Amino acid sequence: MYRQISVVFRYFIVTFLVAELILFNCALFYAYFMIKGALTSFSNTNGGFIDKISTNPSIKSLLEAGKDGGLSKLLEETVERVFLISYPKNEQDDMPKLTFLGVDMSNAGEFGFVYRRIQTSNFKQNRLVIDIGANDGLISSNSFNLIQLGWNAILVEPVPSQMDLAKSNTRRFVRSKKYQNVTYVEAAIGQRDGFSEFVITDDLGTMQNHLASSHHSVGVGRKSTIQVKCFSVKTFVSKYNVPKKFGVLSIDAEGTGDKILKQFIKLGFRPTYIIYEALHNSEPILETMDYLHQNGYFPQSKRGWNYIFEYQF
């Protein structure tokens, strides 16, 4: 009797283990194909990291929440609390020094690439970054980390709500005006001075607000339009005393970038590095590259949608 029960019990255990093994392997295969599909979709998507992950509805929702101050607060409470301590060699030396960690907030590593170039070159230009299309000054920003490092900056953003976020996200890193000057320009850069109609899209994650007169044709829904102040480059550089030579010019103007870029070059401005988003502009990127080459610029990298050029004087 006991022997029969023992045999049945052993068969039950073996059957249970086999079934569990089959279910476990089915789960593994299912997870594999799900991850494979996600990674294939991710790798086949153009653009930078933020562009790729924002195609996921859940992550897109998180990004939109992050733009509303959530990500800035998260950085404050996590990464910015972590530091390394460098102790002096002997007690007579200075007190221990703290080294804080940072996160490259640019879309596809543009900041890290440019700053490594700066560190390995004889960089002597004005440490100024001009960010046209600064958005919230944090997510996918080409200027945020430079401001953290003490650079002067001019952030240009026509949407009032985004400019408020840019101020909130960057002001805590700005030292006194004696050492660092960050200027916030709530306007668009265009062909002429005045006021222009500006389109606010319903997709905060991809950040594709643009002048209504641009050649922007992306299929993002229109949410509303507002009237914004508009400066030509000539007026802008005069009003804000932009030097002819400075560190970094970042242009993300959703359809008018090529025109803005050429205005800078024609007026004799030569930033050492240009970070240029070619997406939605009417001029083909090869023509823009040829124009920049004629004016002393050489392409160094393509990161996401952005091309990075270096002035070799």
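Which residues in α8 meet Thr288, Tyr291 and Leu292 in α9? The model is predicted, so local features need pLDDT of at least 70 and side-chain atom pairs pLDDT 80 or more, while totals for chains, interfaces and linings use all residues. Residues are numbered from 1 along each chain as its sequence is written, and side-chain values use heavy atoms, without hydrogens or water.

Select helix α8 (residues 257–266) and helix α9 (residues 285–294); helices are DSSP runs of H or I with at least four residues, strands runs of E with at least two, numbered from the N terminus. From α8, the residues in contact (heavy atoms within 4.5 Å) are Leu261, Lys262, Ile265 and Lys266.

Next, select Phe83, Ile85, Tyr87, Leu98 and Phe100, a nonpolar surface patch with about 540 Å² of accessible area together (Shrake-Rupley method, 1.4 Å probe; over 30% relative accessible area, no salt bridge, nonpolar side chains joined within 5 Å). Strands β1 (83–86) and β2 (97–100) each supply at least two of its residues; Leu98 lies in β2.

Finally, select Arg117 and Glu310, which form a salt bridge with closest N and O atoms 2.8 Å apart (side-chain nitrogen of Lys or Arg within 4 Å of a carboxyl oxygen of Asp or Glu). Arg117 belongs to helix α4 (residues 110–119) and Glu310 to strand β13 (residues 306–311), 193 residues apart.

Definitions and conventions
Axes are lines fitted to C-alpha atoms, for helices over the stretch in contact, and angles run from 0 to 180 degrees between N-to-C directions. Patches are made of residues with over 30% relative accessible area and no salt bridge: like charges are joined within 9 Å, nonpolar side chains (Val, Leu, Ile, Met, Phe, Trp, Tyr) within 5 Å.
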